[in-house]
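Visitor: I would like to learn how to read a structure of this kind. Please take it feature by feature.

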Amino acid sequence: MSFLKELANRDKVFNFLIPEVSPVDVRHGPILYLEDVSVSFDGFKAINNLNLTIDDGELRCIIGPNGAGKTTMMDIITGKTRPDTGSVWFGSRHNLLTKSEPEIASLGIGRKFQKPTVFEALTVFENLELAMAADKRVLPTLTAVLNGECRDRIDEVLETIGLRNLRAALAGILSHGQKQWLEIGMLLMQKPRLLLVDEPVAGMTEQEMERTAELLTTLAGKQSVVVVEHDMGFVRSIARKVTVLHQGSVLAEGTMDQVSNHPDVIKVYLGEET
Ligand SMILES: Nc1ncnc2c1ncn2[C@@H]1O[C@H](COP(=O)(O)OP(=O)(O)OP(=O)(O)O)[C@@H](O)[C@H]1O
């Protein structure tokens, strides 16, 4: 009887109605794989035969001069821009070129844009709660009451992003850095497998930058993290492997020392700074 009552509740989303998302398969290869990807805008090749492989749990920094194609590459991964040619795979199972932006997000690819977009009139806790509600997979649970598991998840994320003591504070009063961490936390609520982070330390204080470096290095391992950043000091502080993009292709790849000593990189990019 109570089941019938439940069924009559049209607003409720039932678990069995939510399409199963098959897990990302990284048993035989990388978590993200771009091969020979190209895209042109009005005849201009913004991405030009780009090949990129990100391993599961890796923290990768992507650098490159203005116009190198970093944002366009992120747009292609998240389904915002469709390449003219090439292939893009998430694990060995998911061909991202056949998926829409929301489908790609629900597969577990989270993107953090440069500007923080938290809900300023809500508390830190409520922002995280809302981020969880945006995840269709847990929506049915939330329509009732926030259960213990959800609360634990929020606590865990608050701890990770270092905002435990500010859980009841309105997001509007947070510093710029704290807002950035909260937004990263909102992405974490959805348990992404891959996080794409665009210029996370722009506008941050030195101290906030250090804390962000700690946060991103902590996240790697549990999830894969791709960071696009212009601040070379910051990149040096977190980088394990760095990819240098130039004119839509990979110019060099390796440790920070390897790429910064690469003659082509010095010429086209790092050379600009000296
Ligand atoms: N929608 C578009 N229409 C036309 N040209 C575009 C479009 N998007 C990007 N471009 C061009 O493609 C090139 C690559 O741009 P992109 O924004 O990806 O570079 P970027 O490496 O992210 O640069 P920045 O570091 O300045 O953010 C640039 O020359 C840009 O002007």
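**Reading the model**

Guide: Start with a turn: in the hairpin of β4 and β5, three residues lie between the strands, and Gly91 there has a positive phi near 65°. This is a predicted model, in which local features need pLDDT of at least 70, side-chain atom pairs count only at pLDDT 80 or more, and totals for chains, interfaces and linings use all residues. Residues are numbered from 1 along each chain as its sequence is written.

Visitor: How many bridges pair β4 with strand β5?

Guide: Two strands pair if DSSP finds at least two bridges between them. Helices (H or I, at least four residues) and strands (E, at least two) are DSSP runs, numbered from the N terminus. Here β4 and β5 (residues 94-95) are antiparallel, with two bridges; Trp89 has Asn95 in β5 as its bridge partner.

Visitor: Which strand do five bridges join to strand β4?

Guide: That is β1 (residues 32-41), which runs antiparallel to β4 (residues 85-90). Leu32 lies opposite Phe90 of β4. As a general idea, side chains in a regular strand alternate between the two faces of the sheet.

Visitor: What share of the protein chain counts as buried?

Guide: A residue is buried if 20 or more other C-beta atoms, placed from the backbone, lie within 10 Å of its own. By that count, 38% of the 274 residues of the protein chain are buried. The chain has eleven helices and ten strands.

Visitor: Which helix gives the largest share of the shell around the ligand?

Guide: Helix α2 (residues 70-77) does, with three residues. The residues around the ligand include Phe41, Asp42, Lys70 and Thr71, a residue being near if its C-beta atom, placed from the backbone, lies within 6 Å.

Conventions
Buried ≥ 20, exposed ≤ 12 C-beta atoms within 10 Å, placed from the backbone.
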